[in-house]
Amino acid sequence: MGHCINIYIGKKEEMNDPLIKFLELNSGIVAILDWPGNRSSEGYDNSKLLAGRTISSISTDYFGGLGEQSATLYVDGKVGYDGDTENGDPEPINNALRFMGVESIGENDEFDTVGLGNYRSNQDFSEESDEDLNLGEDPTIVEMYKAKYK
């Protein structure tokens with residue numbers, strides 16, 4: 001069975017903006033389902049969105065035990081960590097989660113501690129949350145984002 005996700009995760013305590021839609025995982029981490037970074041970058045200033053937050057972009061692409069993963073951690077709008085298995089980092093997502101304060105529990109690594117192993121694809125996140133990961137360009141939402149983050 002494959003595992004292929006490409007999603008942003010963050011600290012729940014920092015998701016204080018009603019325009020950010022998320023699914024709560026474990027250990028204070030959330031999967032961010034919709035935020036301006038998921039949309040076209042045209043007209044948005046993501047550095048303002050990321051300011052004061054710790055957010056990581058993570059991706060996996062595995063099938064039959066073979067594949068790769070990567071993680072980029074943003075701390076207050078700046079890259080704090082960037083790793084991927086293609087360049088020799090054996091566990092970039094676990095490293096990003098550790099930087100976010102996640103501690104593994106028992107025999108689980110950080111990835112399984114927060115529950116990411118329960119989601120095999122981006123669709124799995126949206127099915128659990130009843131949110132759509134690809135909401136499109138709703139003009140009302142787009143204008144709210146532009147007004148807030150320009």
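**Exercise 1.** Find which backbone nitrogen lies 2.5 Å from a polar atom of the Glu14 side chain.

*Solution.* Start with the location: Glu14 sits in the loop between β1 (2–11) and β2 (21–24). Strands here are DSSP runs of E, at least two residues, and helices are runs of H or I, at least four, numbered from the N terminus. Then list the neighbours. Leaving out residues up to four places away in sequence, Glu14 touches Gly52, Arg53 and Thr54 (contact: heavy atoms within 4.5 Å).

This is a predicted model: local features need pLDDT of at least 70, side-chain atom pairs count only at pLDDT 80 or more, and totals for chains, interfaces and linings use all residues. Residues are numbered from 1 along each chain as its sequence is written, and side-chain values use heavy atoms, without hydrogens and water.

**Exercise 2.** Classify the ring pair Tyr81 and Phe99, and say where each residue lies.

*Solution.* Rings of Phe, Tyr and Trp (its six-membered ring) pair if their centres lie within 6.5 Å; planes under 30 degrees apart are stacked, over 60 edge-to-face, the rest tilted. Here the centres are 5.3 Å apart and the planes stand at 50°, so the pair is tilted. Tyr81 is in strand β6 (residues 78–84) and Phe99 in helix α2 (residues 92–99), 18 residues apart. Now check accessibility. Buried means under 20% relative accessible area, exposed over 50%, partly exposed in between (1.4 Å probe, protein chains only). Tyr81, at 12%, is buried. Phe99, at 52%, is exposed.

**Exercise 3.** Classify the pair Tyr119 and Phe125.

*Solution.* The centres are 4.3 Å apart, with 10° between the planes. The pair is stacked. Both Tyr119 and Phe125 are buried.

Definitions and conventions: Polar contact = N/O pair within 3.5 Å; in protein donor to acceptor, adjacent residues only side chain to side chain.
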